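I wanted to know how the parts of this structure meet, and I looked them up one at a time. My entries follow.

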Number of protein chains: 2
Amino acid sequence: MLNNQTEPQAGDQELDGVFHALADPTRRAMLVRLCEGPATVSQLAEPFGMSLPGIVQHLQVLEASGLIRSEKIGRVRSCSVNPAAVRRAENWLGQRRTPGERRLDRLESFLDTQPPH
Amino acid sequence: MLNNQTEPQAGDQELDGVFHALADPTRRAMLVRLCEGPATVSQLAEPFGMSLPGIVQHLQVLEASGLIRSEKIGRVRSCSVNPAAVRRAENWLGQRRTPGERRLDRLESFLDTQPPH
DNA sequence: CTGATTGTTAAGCACATACTTAAGTATTCG
DNA sequence: CGAATACTTAAGTATGTGCTTAACAATCAG
């Protein structure tokens, strides 16, 4: 180790993209919509007062992050959530626990093993 | 409702800040460090090959998002995680489940109620 | 008081982001 | 075929982000 500094790790890049994609309210709203089921670009655009190209750019950010996938059939592009990417971001946050929180976690799981009354 | 468009909701702004703060690898590394316990600005800076002002700017982003808090005592600023903010972001992601995932969730919780064997 | 430590403020720069309008490309419908 | 539909591409613009260096506090230690 000639370099003592903290370097960005592999896997970090994925989180960069995922959290950046999530940092925009329009993109989060699209993700919420897609959790109800697949939708086309126009369907996703409909709730927003924004030009189509603007919408498409947001979709590109979401797709580049891995949070959604899309497939074009004929002239229609169908978009859907990639649950695995959402779960990875959720899990990263799940691991961010202080020692205090971890103690509470262990107490709770201990209590779960005790029969009621 | 004269406006049919989707407007950013209250509470969205908080998530904007939190996810934006999380989108940077340096800031995530700082958060990881702070989950082990409070630290000063210099201690947080030490692993990174970056100027102090750069570090302080990252800390300001983290604090503005609510993910961390800090207090200056004498000439030293002590920083610590705000677990509640981390949990809110985690919970938002936890709610992003497709109908398919929700079915699996229900199956698992049903199996948990069954005695083993 | 003097000087070292710890952090802060200000200014600037390169690059990224979030839009826009205008024009283009497939694909399907009549 | 010709027109409508559903995007796509390109280009431009205003604003934001992630750094930097230089200069400025404020506090503690001798």
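Entry, salt bridge. I began with one pair across the two protein chains: the side chains of Asp12(A) and Arg28(B) form a salt bridge, with N and O 3.8 Å apart. The model is predicted, and I read this distance as a value computed from it. The cut-off for a salt bridge is 4 Å, so this pair falls within it. I then asked how many salt bridges are counted between chain B and chain A. The count is seven.

Entry, polar contacts. Next I looked up polar contacts across the interface of chain B and chain A, and found 11 residue pairs, both residues being at pLDDT 80 or more.

Entry, elements of chain B. I asked which helices of chain B each supply at least two residues to the side that touches chain A. They are helix 1 (12–22), helix 2 (25–35), helix 5 (83–94) and helix 6 (99–113). Helix 5 of chain B gives the largest share of that side, eight residues. By class, I noted 17 nonpolar, seven polar and 12 charged residues on the side of chain B that touches chain A.

Entry, extent of the interface. I found 36 residues of chain B in contact with 35 residues of chain A. The area buried between the two chains is about 3200 Å², and carbon and sulfur atoms give 60% of this area.

Entry, DNA strand C. Of the atoms of DNA strand C that come within 4 Å of the protein, 71% belong to sugar and phosphate.

I looked up three of them.
- An N or O atom in the side chain of His58(A) is 2.6 Å from a phosphate oxygen of DNA strand C.
- For Val41(B), a backbone N or O atom lies 3.5 Å from a phosphate oxygen of DNA strand C.
- In the side chain of Arg75(B), an N or O atom is 2.6 Å from a base oxygen of DNA strand C.

Entry, elements by the DNA. I listed the elements that give two or more residues to the surface near DNA strand C: helix 4 (52–65) of chain A, and helix 3 (41–45), helix 4 (52–65) and strand 3 (76–81) of chain B. Which of them gives the largest share? I found helix 4 of chain A, with four residues.

Technical notes. Residues numbered from 1 in each chain as written. Chains lettered and ligands numbered in written order. Predicted model: local features only at pLDDT ≥ 70, side-chain atom pairs only at ≥ 80, totals over all residues. Heavy atoms only, no water. Contact = heavy atoms within 4.5 Å. Buried area = accessible area lost by both parts, 1.4 Å probe. Polar contact = N/O pair within 3.5 Å; in protein donor to acceptor, adjacent residues only side chain to side chain. Nonpolar A, V, L, I, M, F, W, Y, C, P; charged D, E, K, R; others polar. Near = heavy atom within 4 Å.
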